[in-house]
Amino acid sequence: MQDRVESYIALIDRYSDWEAKATSRGDILEQKELGFVDGVAGVKLKFSFYSGSSTNHYLIIEEGLLGSYNFAMVFDKSNIQELKTLFEDFVGGKIKDLICSSSYLI
């Protein structure tokens with residue numbers, strides 16, 4: 001799990017680099033893929049960059065199976081920083097367990 005989370009952080013960092021460059025240049029980009037991370041049970045997460053305007057850029061994370069992506073989460077710059085902080089807290093051991101189902105065994 002930790003290796004996947006580190007991949008998420010790397011793609012968030014790539015988004016941040018692109019966001020800074022696009023904002024400083026006033027660029028507007030159509031949706032561009034940043035990369036993919038393998039999930040569980042064959043699910044892949046696709047990370048993409050999308051410009052809403054020359055000053056508003058978004059990270060889109062889509063969940064897909066067999067190349068079909070049906071569910072998307074969209075994050076603006078401030079929410080991306082919150083998400084990255086959560087991931088860093090997990091990698092740093094501040095968040096111990098993301099899977100709670102074992103707490104509800106019969």
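A salt bridge is taken here as a side-chain nitrogen of Lys or Arg within 4 Å of a carboxyl oxygen of Asp or Glu. The model is predicted, so local features need pLDDT of at least 70 and side-chain atom pairs count only at pLDDT 80 or more, while totals for chains, interfaces and linings use all residues. Residues are numbered from 1 along each chain as its sequence is written, and side-chain values use heavy atoms, with hydrogens and water left out.

View 1. Helices (H or I, at least four residues) and strands (E, at least two) are DSSP runs, numbered from the N terminus. Relative accessible area is judged with a 1.4 Å probe on protein chains only: buried means under 20%, exposed over 50%, and partly exposed in between. Lys-77 is exposed at 51%, whereas Glu-19 is buried at 7%.

**View 2. Helix α1 and its packing.** Helix α1 has 24 residues and reaches 35 Å from its first C-alpha to its last, close to the 34 Å expected. The expected span is 1.5 Å times one less than the number of residues in the helix. Buried positions in α1 are Val-5, Tyr-8, Ile-9, Leu-11, Ile-12, Tyr-15, Glu-19 and Ala-22. An α-helix has 3.6 residues a turn, so residues three or four places apart point the same way. The buried residues of α1 pack against β1 (32-38), β2, β3 and α2. Just after the helix, Gly-26 takes a positive phi of about 75 degrees.

View 3. Asp-38 and Lys-44 form a salt bridge in which the closest N and O atoms are 2.6 Å apart. Asp-38 is partly exposed, with a relative accessible area of 48%, and Lys-44 is partly exposed at 34%. The side chains of Glu-62 and Lys-46 meet in another salt bridge, at 3.5 Å from N to O. This pair links distant parts of the chain, with Glu-62 in strand β3 (residues 57-65) and Lys-46 in strand β2 (residues 44-51), 16 residues apart. Glu-62 counts as buried at 13% relative accessibility, and Lys-46 is buried at 13%.

**View 4. The surroundings of Ser-48.** Ser-48 is placed in strand β2 and is buried, with a relative accessible area of 1%. The side chain of Ser-48 makes a polar contact with that of Gln-31 at 3.4 Å. A polar contact is a pair of N or O atoms within 3.5 Å; within protein, one must be able to donate a hydrogen and the other to accept it, and residues adjacent in sequence count only if both atoms are side-chain atoms. Contact means heavy atoms within 4.5 Å. Leaving aside neighbours within four places in sequence, Ser-48 is in contact with residues including Lys-32, Leu-34, Tyr-58, Ile-60 and Glu-62.

View 5. Strand β3 is joined by 7 bridges to strand β4 (residues 68-75), and the two run antiparallel. Strands pair if DSSP finds at least two bridges between them. Met-73 in β4 is the bridge partner of Ile-61. The hairpin has 2 residues between the strands, and Leu-66 takes a positive phi near 55 degrees.
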